[in-house]
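These are my notes from a first look through a structure that was new to me. I went from single residues to the whole chain and back again.

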Amino acid sequence: MAAGKEIRTKIKSVENTRKITKAMEMVAASKMRKAQERMKHARPYAEKIGNVAAHFSQAHPEYRHPFVEHREQIKRVGLIVVTTDKGLCGALNTNALRLALTKLKDWDGQNIEVDVTTIGNKGAGFMQRLGANIASQVTGLGDTPHMERLIGPVQVMLDNFKSGRIDALYLIYSRFINTMKQEVAFTQLLPLAAEPEAEPTHWDYIYEPEAKGVVDGLMVRYVEALIYQAVAENMACEQSARMVAMKAASDNAKTVIEELKLVYNKTRQAAITKELSEIVAGAAAV
């Protein structure tokens, strides 16, 4: 029964693995609900301030912020890549990093240099292995995004744009569609892109007390809102993808256990039949 013992050991091992994946599935489901609520609450604010910023880019104010100035020649760009800190969440990080790699190759073909800011451990490790120029990074965000931890690394890119080191800033993250579907998003943060309109529209504003203070505050809130929303969306995607992946792993483990039990029963029945045949043969010989 050496083979039977090995099969029992495999069954026990797969059962232990299934307990782990089932527990991770339940934890991810619990965190997913909280992450989705956080994302849904932040989404209207991010969309509204994005619209206001897009309208502002079409206005003719008395003070023009550097974030709305388009450079004639693009020599260097910045890329912010949002990924997760942990794995076991399906192809979520793979899809985002594949898009980032495609963009890096396209820019390299156009002789455009790239500075990278990574949010999340998976993106940081990938960019380090790739040999990319990492300007800043942040890892270990936990289950709740905190703006005070995000704005520091992002501020490096904003300062680079103001100083003229980079001519454009882009963002890659995973957008939440539903529990079963997440898609990778590629967004231009800076300079501000005009919102597509059915007809050209000129937006005029009255600033109080002065244009510079209001516009500077708006630009900071705009960047903060989009970065926070991107991280919140990515966290909701992470928990959803992990729940689906762990459920699939649990179902596969159950299937493997059933197959191993069937093989074990067949092996055990064959051993019993062999022993009975030997007993009968021995009795007949006597």
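Predicted model: local features only at pLDDT ≥ 70, side-chain atom pairs only at ≥ 80, totals over all residues.

Residues are numbered from 1 along each chain as its sequence is written, and side-chain values use heavy atoms, with hydrogens and water left out.

**Entry 1: Ala249.** I found Ala249 in helix H5, which covers residues 211–285; helices here are DSSP runs of H or I with at least four residues, strands are runs of E with at least two, and both are numbered from the N terminus. Ala249 is listed as partly exposed because its relative accessible area is 25%. I then looked across to Gly131, which is 118 residues away along the chain, and the two C-alpha atoms are separated by 33 Å.

**Entry 2: the whole chain.** I counted five helices and five strands in the protein chain, and from the N terminus on they follow the order α-β-α-β-α-β-α-β-β-α. The radius of gyration, taken over C-alpha atoms, is judged against a globule rule of 2.2 Å times the number of residues to the power 0.38; a compact globule of 286 residues would come near 19 Å, but this chain has 28 Å. Along the principal axes, the C-alpha atoms fill a box of roughly 115 × 40 × 35 Å. The domain assignment, whose bounds come from an automatic or database source, gives domain 1 as 1–25 + 245–285 and domain 2 as 42–242. I noted 52 Å between the C-alpha centres of domain 1 and domain 2. Buried residues make up 40% of the 286 residues.

Entry 3: Is Asp115 buried or exposed? Asp115, which lies in strand S2 (residues 113–119), counts as buried because its relative accessibility is 1%. With contact meaning heavy atoms within 4.5 Å, and leaving aside neighbours within four places in sequence, the partners of Asp115 include Arg76, Asn133, Met157 and Arg165. Leu141 sits in the loop between strand S3 (133–138) and helix H4 (147–163), and it counts as buried because its relative accessibility is 10%. Not counting residues up to four places away in sequence, Leu141 touches Asp85, Ile119, Arg149, Leu150, Val231 and Met235. Leu141 and Met235 are 94 residues apart in sequence, yet their C-alpha atoms are 9.9 Å apart in space.

**Entry 4: backbone details.** I kept in mind that most residues other than glycine have a negative phi, and that most peptide bonds are trans. Leu88, in the loop between strand S1 (76–82) and H2, has a positive phi of about 60° although it is not a glycine, and at 55% relative accessibility Leu88 counts as exposed. Asn111, in the loop between H2 and S2, has a positive phi near 60° and, at 67% relative accessibility, counts as exposed. The peptide bond from Leu190 to Pro191 is cis, with omega near -10°, and I located Pro191 in the loop between strand S5 (181–190) and H5.

How values were computed: Buried < 20%, exposed > 50% of the residue type's maximum accessible area, 1.4 Å probe, protein only.
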